[in-house]
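Me: I'd like to go through the aromatic residues in this one with you. Can we take it step by step?

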Amino acid sequence: MKSGTLIAILVALGSLGAGACTVAQPSAPPNVDELATRVSGTLTAIPPAVPLPTAIGSAGPSPTSTTAANEVPPTPTETPAAAATALPTLTPTPSFTPLATQTPPVDDPRATLGNPTWRDEFASGANWPLGQDSFTRAQVGDGELVLTGLTTTDGWRVTWPVVKDFYLEMTVETGTCAGSDHYGLIARVPDLHAANQGYLFGVTCDGRYSLRAWDGEAMTNLVRATTGTSIQAGSEQVNRVGLLATGDQLILYVNGARLTEIEDSRFSEEGSFGVFVGARQTSNFTIHVSEIAYWESP
């Protein structure tokens, strides 16, 4: 098992009304503090009641796990990407290409839920831990969260809201990718400061989806990689990836189309959420997230 790195930010959260958006960047300078031998974080001196980024993390199969513990095991013809040693400088990217004009699916949650409880369109990076660790690099610019996978191990960034029952959705564009390169949502993370457990709903570059549970030591496949006809596969494609969680019921959506649903009680209580990426085949596989939002108790 590969260890993860996190940034823990202790904050006093103010109450949020419907339609709340990204908060302003804090004006106080950061103070750095080592948290543990395997985990380092920064504690930022801030005014009270200002929400801030929370955590980063990563996960991979435990040393005793089999390929069944992976979201998308490489086929015999696939070559996993090597760990990256350098990354390009972030530059502005063109605006997202709109999804194909079409009648929304009748079961598209976004079409019926109204304004979200919380939305981030990345006017700033105030809601996210940015920078680079061993597994990912995160930047905010040009109205996007840009998350790059540095190894074949999944890595994620987690933001600060804590919710139990919700519809969570992000709009994301892939960079250059192939095959089993994947990305998605991590949700119901029980411990905001550890950020080492939760559900991972993922989509691959070649148009498959899966749902896994990570307990901090091993991955469990809840929905194995399955082709989804509503997924826009390939490089430089835009998808809306959504997860509806109500109690033990988990329903998966891409572009408003319902893919499947299951019941699972591993993480049925409230938790945090975020975005993950895994550069399974393409070195420095990068995704561009233009929006992430949730609707509470849909």
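**Aromatic rings and a neighbouring arginine**

Reply: Tryptophan 118 is buried, at a relative accessible area of 0%, where buried means under 20%, exposed over 50% and partly exposed in between, using a 1.4 Å probe and protein chains only. This is a predicted model, in which local features need pLDDT of at least 70 and side-chain atom pairs count only at pLDDT 80 or more, while totals for chains, interfaces and linings use all residues. Residues are numbered from 1 along each chain as its sequence is written, and side-chain values use heavy atoms, with hydrogens and water left out.

Me: How many aromatic pairs are there in the whole structure?

Reply: The search finds nine, a pair being rings of Phe, Tyr or Trp (its six-membered ring) with centres within 6.5 Å, counted as stacked if the planes are under 30 degrees apart, edge-to-face if over 60 and tilted otherwise. In one of them, tryptophan 118 and phenylalanine 273 have ring centres 5.7 Å apart and planes at 75 degrees, so this pair is edge-to-face.

Me: And which residues are in the cluster linked by ring pairs?

Reply: Trp118, Trp160, Phe273 and Tyr294 are linked into a cluster. Both phenylalanine 273 and tyrosine 294 are buried.

Me: Changing topic, what does the side chain of arginine 119 contact?

Reply: Its side chain makes a polar contact with the side chain of glutamate 291 at 3.0 Å, a polar contact being a pair of N or O atoms within 3.5 Å, where within protein one must be able to donate a hydrogen and the other to accept it, and residues adjacent in sequence count only if both atoms are side-chain atoms.

Me: Is arginine 119 buried or exposed?

Reply: Arginine 119 is buried, with a relative accessible area of 19%.
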